[in-house]
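Subject: Structure for you, with notes

Hi,

Here is the structure I promised to send over. My notes on what turned up in it follow just below.

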Amino acid sequence: MLSIEEYKTAFLQHIEKIFTPKEPIHLYEPIQYILNLGGKRIRPLLTLIATDIFGKDYCKALNAATAIEVFHNFSLIHDDIMDNASLRRGKPTVHQKWDTNVGILSGDAMLIIAYKLLEDYPSEIFQELVKTLSETALKVCEGQQMDMDFEKLQEVSIEAYMQMISYKTSVLIGAALQMGSIISETTKENQMNMYNFGLNLGIAFQLQDDYLDTFGDASFGKKIGGDIIENKKTILYLKSLALSNEKQREELLRAYALNEVDNKIARVREIFQITNADKAVRQLIENYTQKALMILEKITIGDDKREYLRTFALQLMDRKI
């Protein structure tokens, strides 16, 4: 097994070779732009690791890893358009830097490219990869629609919210591991256990993202309180409603209606703590993290490789990669 940085270097060199400037420039330049914005590259790294961990050359998974990353960034371009977002990773979004039509068309091209990257795999592996990516892509779209629907609803159940983050975020992390496992030609049982490991880890990661948006510090890398300012129905908000008495519920709803940013963030954060929503969410994060780690025990690999995945998961949750 390589270090995380070694896998990342190999992946970045691969996408640099694939995505070179070509005409029409306004179709391909935005693709290079968003792929070069950075990020942790968690999904492609997991695809490479999953192939390597079952004894196959990780280089065989570079195209599949790139397909996962291209699909992920395609979804980000279209999400940014739907959200009318102006920044992505601190830089102008594609539709802001160019325009909405360019964003839509470049995003469409990325979806096609993601599938084309799988064409060189042997027939049986190709079919499994395409099936996995297609099923995952549809769930991501369903999750995005659920997220948009939630903005118009007064009440959202915790169960519905958990399904939304599972579809919108977690299934792609699971699929990244599954696709690497497919390329390794390990057993179906190992493939599904790798998927479920990623799914639960992805849920924990997204819940932690919600938590850190309110209770994180400068190292989080995002503006603290952004979800509160935008009145998002995050897991903290939903847990707070579920745990509050009538007076606390009214206070939370009033606080969410405030326009003055600093007072709003401080008051909502205080209510999250008074209702113990912060503790409940931390416990939920721990539960899903432990569930992911328990699934590792079912995977047929050596203890050293199991420990590698365990360390990766814990570092990811500790935001060190």
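Arg-249 is partly exposed, at a relative accessible area of 23% (buried means under 20% relative accessible area, exposed over 50%, and partly exposed in between, with a 1.4 Å probe and protein chains only). The side chain of Arg-249 meets that of Glu-155 in a salt bridge, 2.5 Å from N to O; the term stands for a side-chain nitrogen of Lys or Arg within 4 Å of a carboxyl oxygen of Asp or Glu. Arg-249 belongs to helix H12 (residues 246–256) and Glu-155 to the loop between H7 and helix H8 (158–184), so this pair ties together parts 94 residues apart in sequence. Helices here are DSSP runs (H or I, at least four residues), numbered from the N terminus.

Before going further, please keep in mind that this is a predicted model: local features need pLDDT of at least 70 and side-chain atom pairs count only at pLDDT 80 or more, while totals for chains, interfaces and linings use all residues. Residues are numbered from 1 along each chain as its sequence is written, and side-chain values use heavy atoms, with hydrogens and water left out.

More on the charged pairs

How many salt bridges does a search of the whole structure find? The search gives 13. One of them joins Lys-188 to Glu-128, with the closest N and O atoms 3.4 Å apart. That pair links distant parts of the chain, as Lys-188 is in helix H9 (residues 188–215) and Glu-128 is in helix H7 (residues 123–150), 60 residues apart. Lys-188 is exposed, with a relative accessible area of 52%, whereas Glu-128 is partly exposed at 27%.

Lys-116 and Glu-119 also meet through their side chains in a salt bridge, at 3.6 Å from N to O. Both partners are partly exposed: Lys-116 has a relative accessible area of 48%, and Glu-119 has 46%.

Lys-264, in helix H13 (residues 261–274), counts as buried because its relative accessibility is 4%. Leaving out residues up to four places away in sequence, Lys-264 touches Ile-228, Ile-229, Asn-231, Ala-255, Tyr-256 and Leu-258 (contact means heavy atoms within 4.5 Å). A polar atom of the Lys-264 side chain lies 3.4 Å from the backbone oxygen of Leu-258.

Asp-213 lies in helix H9 and is also buried, with a relative accessibility of 8%. Which backbone atom lies 3.2 Å from a polar atom of the Asp-213 side chain? It is the nitrogen of Gly-226.

The nonpolar core

In soluble globular proteins, nonpolar side chains tend to be buried together. In this model the largest nonpolar core has 104 residues, and Tyr-161, Phe-197 and Phe-272 touch the most other members. Such a core is a set of buried Ala, Val, Leu, Ile, Met, Phe, Trp, Tyr and Cys residues joined through side-chain atoms within 4.5 Å. H8 gives the largest share of this core, 13 residues. Residues also come from both domain 1 (1–138) and domain 2 (187–320), so the core lies between them; the bounds come from an automatic or database domain assignment.

Apart from neighbours within four places in sequence, Phe-197 is in contact with Leu-177, Ala-292, Ile-295, Leu-296, Leu-309 and Ala-313.

The centres of domain 1 and domain 2, taken over C-alpha atoms, are separated by 25 Å. Their contact takes 15 residues from domain 1 and 13 residues from domain 2. Between them the two domains bury about 1,100 Å², 80% of it on carbon and sulfur atoms (buried area is the accessible area, with a 1.4 Å probe, that two parts lose on being put together, summed over both). Ile-42, Ile-53 and Phe-54 supply 45% of the area that domain 1 buries against domain 2, more than any other three residues.

Across this interface the rule finds one salt bridge. Helix H1 (4–18) and helix H3 (42–53) each supply at least two residues of the side of domain 1 that touches domain 2. H3 gives the most to that side, with six residues.

Best wishes

Definitions and conventions. A polar contact is a pair of N or O atoms within 3.5 Å; within protein, one must be able to donate a hydrogen and the other to accept it, and residues adjacent in sequence count only if both atoms are side-chain atoms.
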